Amino acid sequence: MGLSIGVFGNIGKIGDEMVCLPAYYVLKCLYPNSHLTLISNSNNAKNLFTNLEFIDDIISFDTYKDSRGGIIENLIFF
């Protein structure tokens, strides 16, 4: 396997996800033997991009504040 690429997206609206789609496609075209992982703070990415052949994995995480006001991130692997 070639290069492993992780793309972080701090987006959440469907339109924002769709605007980024061409960039993901170009990354995979430039590095066809790479493993492209999309990391997003939204389940929209999982719902929209699961069946796309140029995105190999999608990691979605929810961010919320705990009782002390800190940020806790839960990773969910798909």
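1. Disulfides. The structure holds 0 disulfides, a disulfide being a pair of cysteine sulfur atoms within 2.5 Å. Cys20 is partly exposed at 24% relative accessible area. Cys29 is also partly exposed, at 43%. Buried here means under 20% relative accessible area, exposed means over 50%, and partly exposed lies in between (1.4 Å probe, protein chains only).

2. Basis. This is a predicted model, in which local features need pLDDT of at least 70, side-chain atom pairs count only at pLDDT 80 or more, and totals for chains, interfaces and linings use all residues. Residues are numbered from 1 along each chain as its sequence is written, and side-chain values use heavy atoms, with hydrogens and water left out.

3. Core. The largest nonpolar core has 11 residues. They are Ile5, Val7, Leu21, Tyr24, Leu36, Leu38, Ala45, Phe49, Phe54, Ile55 and Ile58. Such a core is a set of buried Ala, Val, Leu, Ile, Met, Phe, Trp, Tyr and Cys residues joined through side-chain atoms within 4.5 Å. Two or more residues come from each of strand E1 (4-9), helix H1 (14-30), strand E2 (35-40) and helix H2 (43-49). Helices (H or I, at least four residues) and strands (E, at least two) are DSSP runs, numbered from the N terminus.

4. Aromatic pairs. A search of the whole structure finds 2. Rings of Phe, Tyr and Trp (its six-membered ring) pair if their centres lie within 6.5 Å; planes under 30 degrees apart count as stacked, over 60 as edge-to-face and the rest as tilted. The rings of Tyr24 and Phe49 have centres 6.0 Å apart and planes at 80°, so this pair is edge-to-face. Tyr24 lies in helix H1 and Phe49 in helix H2, so the pair ties together parts 25 residues apart in sequence. Both Tyr24 and Phe49 are buried.

5. Tyr25 and Phe54. Their ring centres are 5.2 Å apart and the planes stand at 80°, so this pair is edge-to-face. Tyr25 sits in helix H1 and Phe54 in the loop between H2 and strand E3 (57-65), so the pair ties together parts 29 residues apart in sequence. Tyr25 is partly exposed, at 45%. Phe54 is buried, at 12%. Leaving aside neighbours within four places in sequence, Phe54 is in contact with Leu21, Tyr24, Tyr25, Lys28 and Leu36. Contact means heavy atoms within 4.5 Å.

6. Lys28. Beyond four places in sequence, its contacts are Ser34, His35, Leu36, Phe54 and Asp56.
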